[in-house]
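Open the structure in your viewer and keep the selection tool at hand. The stops below say what to select next and what is there.

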Amino acid sequence: DKEVVLMWRFGSIKSRILTVCQHFFFISFRARPLVQTFTSWKAPIIWEEMFDSILYDQGHTDKNSSVALTVFAVGRYLDAYLKTFLTSAEQHFMLGLPVTYYVFTDSPEKVPNITLASRRNINIVQVEKHTRWQDISMMRMRTISETIESEIRHKFHYVFCFDVDQEFKGRFGSEALGNSVALLHAHYYKLPKAQFTYDRNPKSKAFMETGDFYYHAAIFGGLWQNVKHLVDACYLGIIEDKLNNVEALWHDESHLNKYFWIHKPSKLLSPEYCWDQSIWDKRDILITRLVWAPKHYETLRSG
């Protein structure tokens, strides 16, 4: 039993969201009966065995989809993670589609040379160095917005934003593309809402009493128009908090969760798309598409 999921085709038109319905793909929502496969607002939650990868890839090839990937590699994170992130992305991320990696770094000269496939490029963007890692985490929203406005919007349909301390292990393909895409956090997707670590401080713009899911800020994406709206909203919340001497519990991730509570994502990615291998219960995970790299915060965030 297959149910039709509508995929939107966007043109380069000045209004923020102007769409024409063109392509239909098939998702089997009943292929994974032991996990949640759609939300209360009928957005699909993508799991292995639910989709036909050939149909998705052909559809996006036919409509000339293109993808910008943003990743921040600053301080010691560049040395520790960037090469593995980029080389593994070349093996698994959006294969067959035009992709440009936007690498934001405070050390452009240290970005490794990576062999790239046809129609894939790296664009290195220098950013200022922040002393506190929390500021690095939060200020990325402003930087992504500025780059979308100045360059990405003119060249790409979709934007995906990643943390660098991850490694691709399996297909991360066109089935992940959508109007507005959020990621279920691997540590929270099975927990009751009462245990979600939303920001509970009423003084913060990220304050939430409840929500739908707990989303992981390590990955988010969508059409460039919608990603820009997301990062602009999160940045505004961060700045208002700073003016009020408030800092959200999980920084940009807290603001991202607030945004997706108000503006529901059109597609959710299951924890297959960002899995922590230390989690003992792996019954739902038929494939690991991206995994958390080992974290050594005491070294990476010092100095």
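Predicted model: local features only at pLDDT ≥ 70, side-chain atom pairs only at ≥ 80, totals over all residues.

**Two crossing helices**

Select helix H4 (residues 224-243) and helix H5 (residues 252-262): their axes come within 9 Å and cross at roughly 125°. Axes here are lines fitted to C-alpha atoms, for helices over the stretch in contact, with angles from 0 to 180 degrees between N-to-C directions. H4 and H5 are therefore oblique to each other, a word kept for angles that are not under 35 degrees (roughly parallel), over 145 (roughly antiparallel) or 65 to 115 (roughly perpendicular).

Residues are numbered from 1 along each chain as its sequence is written, and side-chain values use heavy atoms, with hydrogens and water left out.

Now show side chains where the two helices meet. On the H4 side, pick Asn-226, His-229, Leu-230, Ala-233, Cys-234, Gly-237, Ile-238 and Asp-241; they meet Asp-252, His-255, Leu-256, Tyr-259 and Phe-260 of H5. Contact means heavy atoms within 4.5 Å. Sorted by class, this contact has seven nonpolar, four polar and two charged residues. Ala, Val, Leu, Ile, Met, Phe, Trp, Tyr, Cys and Pro count as nonpolar, Asp, Glu, Lys and Arg as charged, and the others, Gly among them, as polar.

Stay in H5 and select Glu-253. Glu-253 is buried, with a relative accessible area of 12%. Buried means under 20% relative accessible area, exposed over 50%, and partly exposed in between (1.4 Å probe, protein chains only). Leaving out residues up to four places away in sequence, Glu-253 touches His-185, Tyr-214, Tyr-215, His-216 and Ala-217. The C-alpha atoms of Glu-253 and Ala-217 are separated by 5.0 Å, though the two residues are 36 apart along the chain.

**The whole chain**

Zoom out and colour by secondary structure: there are six helices and twelve strands. Helices (H or I, at least four residues) and strands (E, at least two) are DSSP runs, numbered from the N terminus. Of the 303 residues in the chain, 53% are buried. Among contacts with a separation of 6 or more, 72% are between residues 24 or more positions apart.

**The cores**

Which residues have the most contacts inside the largest nonpolar core? Select Phe-93, Met-94, Phe-160, Phe-162 and Phe-172, in a core of 82 residues. A nonpolar core is a set of buried Ala, Val, Leu, Ile, Met, Phe, Trp, Tyr and Cys residues joined through side-chain atoms within 4.5 Å. Helix H2 (residues 76-92) gives the largest share of this core, seven residues.

Centre on Phe-172. Beyond four places in sequence, Phe-172 touches His-92, Phe-93, Met-94, Phe-160, Phe-162, Ile-219, Leu-269 and Tyr-273.

Next, select Val-99 in strand S5. Val-99 counts as buried, at 1% relative accessibility. With residues up to four places away left out, Val-99 touches Val-67, Phe-93, Met-94, Arg-119, Arg-120 and Asn-121. Arg-119 sits in the loop between strand S5 (99-105) and strand S6 (120-126), and its phi is near 65°, a positive value in a residue other than glycine.

Move to Thr-143 in helix H3 (residues 133-150). At 14% relative accessibility, Thr-143 counts as buried. Its contacts beyond four places in sequence are Phe-72, Phe-104 and Val-127.

**Three loops**

Is Asn-64 buried or exposed? Select it in the loop between helix H1 (53-62) and strand S4 (67-72); at 57% relative accessibility, Asn-64 counts as exposed. Phi of Asn-64 is near 60°, positive in a residue other than glycine.

Go on to Leu-191, in the loop between strand S9 (180-183) and strand S10 (219-223). Leu-191 counts as partly exposed, at 31% relative accessibility.

End at Ile-279, in the loop between strand S11 (267-269) and strand S12 (290-292). Ile-279 is buried, with a relative accessible area of 14%. Neighbours within four places aside, Ile-279 is in contact with Ala-186 and His-187.
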